[in-house]
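Please find below some notes for a colleague who has not worked with this model before. They are numbered so that each can be checked separately.

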Amino acid sequence: MEQTENFYDVVVIGGGPAGLTAALYLARARYRVVVVEKDHFGGQITITSEVVNYPGVGRTSGAELTETMRKQAEGFGAEFLLTEVTGLELSGDVKTVRTGRGELKCFGVLLATGAHPRMVGFQGEEQFRGRGVAYCATCDGEFFTGKDVFVVGGGFAAAEESVFLTKYARHVTILIRGDDFTCAQATAEAARSHEKITVLTNTEVEEVSGDTALRDLRYRNTRTGQVTEYHAADGETFGVFVFAGYAPATELVHGLAELNEQGYILTDRSQKTTSDGLYAAGDVCVKPLRQVVTAVGDGALAATELERLCAAMQEKTGIHPKPPVSRAEEAAAPAETDSTLFTGDMLAQLHTVFDRMTSPLLLRLYLDEGPLSAELRQYMEELAAQSDKLSVEIGNAADADHLPCVRICRPDGGWTGLAFHGVPGGHEFTSFVLGLYNAAGPGQAMETDVKATVQAIQKPLHLEILVSLSCTMCPELVTAAQRIAAENPHITAQVYDLNHFPDLRERYQVMSVPCLIVNDGEQVSFGKKNIRQLLELLT
């Protein structure tokens with residue numbers, strides 16, 4: 001019995017090293033598998049600029065390493081879906097995974113959602129998040145060029161990211177709660193011996209304060225009781241980067257599988273949880289070491305066990321999901337890659353989206369004489385060449401602020417409310433493509449209650465999202481804002497590559513991305529948000 005388009009042997013939730021490895025093993029074994037990821041494929045390791053302890057790979061970045069993993073899995077026919085999983089139904093032989101783009105059916109589910117940075121809880125941490133308190137050196141380090149930076153934490157991330165921050169900061173001071181670093185000595189020594197780094201042990205942050213940005217820091221030596229106050233020089237600010245561990249992303253399985261007191265999911269030696277058909281791998285699990293190498297081991301082991309489960313379920317139910325199609329099998333009819341800007345993988349992604357679009361769109365460009373405008377024009381013209389549903393026209397530059405800009409318009413010239421200022425490359429490439437899909441229809445699926453909430457908004461909302469193309473946390477907020485704007489004519493969503501618009505950075509005192517500006521500063525919010533979290537803020 002052959003099943004429907006949305007039936008898989010396994011649905012993998014999470015696109016980090018554990019999930020990608022599992023997808024590779026399953027697809028290679030000829031089982032149909034889809035990796036569902038809400039943010040970006042690659043996971044937390046993508047924010048690590050240098051990886052030197054992954055066996056067989058001398059030196060690489062986290063992003064490069066996981067992109068290789070993704071391409072390997074894709075080469076064996078694994079499928080990928082960028083959306084949020086909103087719920088699970090795990091009873092019976094056939095499981096249901098509910099997502100923002102509809103329901104997926106499967107025999108087995110692998111939870112590989114990883115973990116997210118923990119807040120420490122010192123006074124002022126939440127208030128100054130995005131205005132000096134940060135959690136990602138790769139995303140936000142450049143905002144502190146020439147400034148003093150304090151790092152809170154004594155683990156691997158704190159040591160490694162402190163060294164990375166010296167590329168920007170005038171000086172880095174590491175505040176460690178315990179007696180010493182808790183990571184490998186080689187990593188600790190690189191920080192300890194760096195000429196731009198000072199290490200203070202037995203030290204806790206008590207408070208950060210300021211006005212529109214950080215101006216003051218107070219920390220205490222827990223052994224002597226001595227309190228130290230740091231005050232930024234007149235007109236200056238500083239940064240506090242928090243690397244205090246991670247909290248597991250196990251919200252989806254609360255009440256479905258057993259967790260420990262810290263929220264990590266319990267598994268047996270085969271990565272099986274206490275719920276039939278649900279396996280877990282990577283940083284969500286109870287384990288003594290959380291590294292890429294252990295995550296891929298978890299993923300491989302879970303995939304092997306899931307192969308046995310799927311074989312048994314196929315025989316029991318008579319359901320046989322269509323097998324994956326590998327790149328080798330596609331070689332007889334390779335996709336055309338007549339593009340100077342887009343790779344074959346990017347073109348395949350584009351054509352998949354464009355084929356589903358129901359209405360044509362007009363890309364109206366607002367340009368000046370600068371090289372960035374020339375780059376945007378080339379980018380949009382080559383993008384439009386990939387589909388007869390897209391066309392490009394040049395608008396009057398006086399009609400738009402912050403050039404260059406592309407507005408997504410309807411064929412009659414009416415603006416959909418979506419725009420990008422700069423060139424939507426890097427991590428915003430997929431976000432921009434999804435914006436086109438949402439504007440043209442049918443768009444990403446919305447749950448009924450979410451759609452009703454969006455449509456009920458009657459007041460004008462002007463959303464500006466300030467991003468960095470290197471930030472892995474920005475696309476989720478961008479996609480959510482664009483989806484809302486595409487659904488409601490009272491709402492606009494404009495995205496700005498902050499690297500090219502320093503006036504916005506100064507106006508809103510932005511020291512972290514993504515930054516959401518509502519109605520020209522009526523509300524300012526920092527950090528990634530899904531569509532429900534964004535609606536809660538707006539309504």
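1. Pro 514 sits in the loop that runs between helix 13 and strand 24. The model is a predicted one, and in it the peptide bond joining Val 513 to Pro 514 is cis, with omega about 0°.

2. Ser 512 belongs to the loop between helix 13 (502–507) and strand 24 (515–518). Ser 512 has a relative accessible area of 9%, so it is buried, the limit being under 20%. Its side chain forms a polar contact of 2.8 Å with the side chain of Asp 140. With neighbours within four places in sequence left aside, the residues in contact with Ser 512 are Gly 130, Asp 140, Phe 143 and Phe 526.

3. Ser 525 is part of strand 25, residues 523–526. It counts as buried because its relative accessibility is 13%. The side chains of Ser 525 and Lys 529 are joined by a polar contact of 2.6 Å. Neighbours within four places in sequence aside, Ser 525 is in contact with Pro 514, the proline of point 1, and with Cys 515, Leu 516 and Leu 537.

4. A cis peptide bond is also found between Gly 441 and Pro 442, where omega is about 0°. Pro 442 is placed in the loop between helix 10 (428–440) and helix 11 (448–456).

5. How many disulfides does a search of the whole structure find? The search gives 0. For Cys 106, the closest cysteine sulfur is that of Cys 310, at 8.2 Å, which is too far for a bond, because a disulfide needs the two sulfur atoms within 2.5 Å. Cys 285 is in no disulfide either; its nearest cysteine sulfur belongs to Cys 106 and is 17 Å away. Both cysteines are buried: Cys 106 has 0% relative accessibility and Cys 285 has 2%.

6. Arg 30 is not a glycine, yet its phi is positive, at about 75°. It lies in the loop between helix 1 (17–28) and strand 2 (33–37). Is Arg 30 buried, partly exposed or exposed? At 37% relative accessibility, Arg 30 counts as partly exposed.

7. His 402 is another residue other than glycine with a positive phi, here near 55°. Its place is the loop between strand 19 (390–394) and strand 20 (405–409). His 402 is buried, since its relative accessible area is 16%.

Conventions: Residues numbered from 1 in each chain as written. Predicted model: local features only at pLDDT ≥ 70, side-chain atom pairs only at ≥ 80, totals over all residues. Heavy atoms only, no water. Helix = DSSP H or I, 4+ residues; strand = E, 2+ residues; numbered from the N terminus. Buried < 20%, exposed > 50% of the residue type's maximum accessible area, 1.4 Å probe, protein only. Polar contact = N/O pair within 3.5 Å; in protein donor to acceptor, adjacent residues only side chain to side chain. Contact = heavy atoms within 4.5 Å.
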